[in-house]
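Here is a briefing on one protein–ligand model. Please keep the sequence and the structure in view while reading.

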Amino acid sequence: MSNTFDVVIVGGGPAGMAAALTLGRAHRSVLLLDAGQGRNSPAEAVHNFLTRDGTPPSRLRELGRRELSAYPSVQVREESVADVQQGFLLLLSGGGTALARRLLLATGLADDLPGPRGVEALWGRSAFHCPYCHGYECTGKQVAVLGADPPRVRLALQLSRFAGDVALCTDGRPLDPEVRERLEANGVTVRCEAVTRLEATGDRLEEIVFESGPPLARQAAFVVNVPRQRSDLAARLGCAAFPDGCVEVDEFGRTSVPGVYAAGDMARRATVPVPMAAVVAAAASGTVAGAVIDQDLLGEDFDLPDPFARAKG
Ligand SMILES: Cc1cc2nc3c(=O)[nH]c(=O)nc-3n(C[C@H](O)[C@H](O)[C@H](O)COP(=O)(O)OP(=O)(O)OC[C@H]3O[C@@H](n4cnc5c(N)ncnc54)[C@H](O)[C@@H]3O)c2cc1C
């Protein structure tokens, strides 16, 4: 079997699979390579995805793979890409290689969790980061927001609209008295002592333990996560990136390197301050990139003008 493809997609999350679907439906030969570490894999369910709300992440992937299997020009392999060279030659972790006319990176982000102790075991289960993914599940519950920066104060106020009881835990950082007053006026408790650990039963948070003072019973905590690129392939190819590490793309998923596209959480446009990290948004960006790649190849094969030509500055 040939190892040359119209498109190689690296990453089989919602972004990569959606692009593979679009390209398979355009009869493009596609190889999708996936290492299987989806960003939301620790979570019980995917929320905020119309028609799929509440589906376990692994089930969503299974459904995606099943749909792709109906398209004979799409090959899916559970294998990691170790390196890539311009042209594009991909070196696979199993020792094989693949050649691609166009490359789509959909390698996603990983989250570093700076603390407190005990947070890793609760991540995606009762320790969260996104109010749109997990806020609703905190309705009526005892919730904590860790941190003291303005975005954390904002999040505490946001959750106070529907959580039973919200506490902002600043972990030893002082809070401006006016900010504290505003929080308390909206029913948010403030705890400024240093946090030592999260106590849980299994993956269910029970209480927040402080260096001094009584522990605080909580059912969920919104903790600080530090996202980073899960793969360095975009950097190896020289794709332009923002200071936060996100790869810069235009509205069509094109990176600064000709022939290299990026979709999903790993990429954003200059006009978007943070990646719109959601499953349905990742899938949508994959669909767009898939169609634009198909048009790019069509232009090359039939010597046609580029309908998505970059606007001249
Ligand atoms: C705890 C948690 C819960 C979340 N819950 C929700 C939710 O309820 N609803 C929602 O809309 N969003 C949720 N999100 C956000 C959601 O997970 C992401 O927006 C979405 O997964 C992004 O899709 P993606 O395809 O860009 O990346 P991913 O889903 O992360 O997929 C990237 C894939 O690329 C693979 N990969 C990386 N490098 C390589 C390589 N070198 N070779 C081969 N494969 C590689 C990875 O293994 C992975 O399978 C959650 C995030 C977290 C952290």
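**Domains and ligand shell**

The centres of domain 1 and domain 2, taken over C-alpha atoms, lie 34 Å apart. Domain 1 covers 4-111 + 226-302, and domain 2 covers 114-222. These bounds come from an automatic or database domain assignment.

This is a predicted model: local features need pLDDT of at least 70, side-chain atom pairs count only at pLDDT 80 or more, and totals for chains, interfaces and linings use all residues. Residues are numbered from 1 along each chain as its sequence is written.

**Domain contact**

- Eight residues of domain 1 are in contact with eight residues of domain 2. Contact means that the C-beta atoms of two residues, placed from the backbone, lie within 7 Å.
- On the side of domain 1 that touches domain 2, four residues are nonpolar, three are polar and one is charged.

**Ligand shell**

- The ligand is surrounded by 40 residues. A residue is near a molecule if its C-beta atom, placed from the backbone, lies within 6 Å of it.
- The closest are Gly11, Gly13, Asn40, Gly108 and Gly264.
- By class, the shell has 19 nonpolar, 16 polar and five charged residues.
- Domain 1 and domain 2 each give the shell at least three residues.
- Two helices, α1 (14-25) and α7 (279-302), each supply at least two shell residues.
- Helices (H or I, at least four residues) and strands (E, at least two) are DSSP runs, numbered from the N terminus.

**Helix α1**

- α1 is mostly covered, with 10 of its 12 residues buried. A residue is buried if 20 or more other C-beta atoms lie within 10 Å of its own, exposed if 12 or fewer, and partly exposed in between, with C-beta atoms placed from the backbone.
- Among the buried residues of α1 are Pro14, Met17, Leu21 and Leu23.
- The cover over the buried residues of α1 includes β1 (4-10), β2 (30-33), α2 (57-68), β3 (74-77), β6 (97-105) and α7.
- At 1.5 Å a residue, the 12 residues of α1 should span 16 Å, and the end C-alpha atoms are 16 Å apart, which agrees. The expected span is 1.5 Å times one less than the number of residues.
- His27 follows α1 and has a positive phi, near 60 degrees.

**Whole chain**

- The protein chain has seven helices and 19 strands.
- Its C-alpha trace spans about 70 × 45 × 35 Å along the principal axes.
- Of the 313 residues in the protein chain, 38% are buried.
- Among contacts with a separation of 6 or more, 58% join residues 24 or more positions apart.

**A three-stranded sheet**

- Three strands form an open, antiparallel sheet in the order β12-β13-β14. Strands pair if DSSP finds at least two bridges between them.
- β12 (195-201) and β14 (216-217) are the edge strands, each pairing on one side only.
- Two bridges join β13 (residues 204-210) to β14. Glu207 has Ala217 in β14 as its bridge partner.

**Phe252**

- Phe252 is in the loop between β17 (247-248) and β18 (260-262).
- Is Phe252 buried or partly exposed? Phe252 is partly exposed, because 18 other C-beta atoms lie within 10 Å.
- Leaving aside neighbours within four places in sequence, Phe252 is in contact with Val288, Val292 and Phe308.
- The C-alpha atoms of Phe252 and Gly290 are 9.2 Å apart, although 38 residues separate the two along the chain.

How values were computed: Ala, Val, Leu, Ile, Met, Phe, Trp, Tyr, Cys and Pro count as nonpolar, Asp, Glu, Lys and Arg as charged, and the others, Gly among them, as polar.
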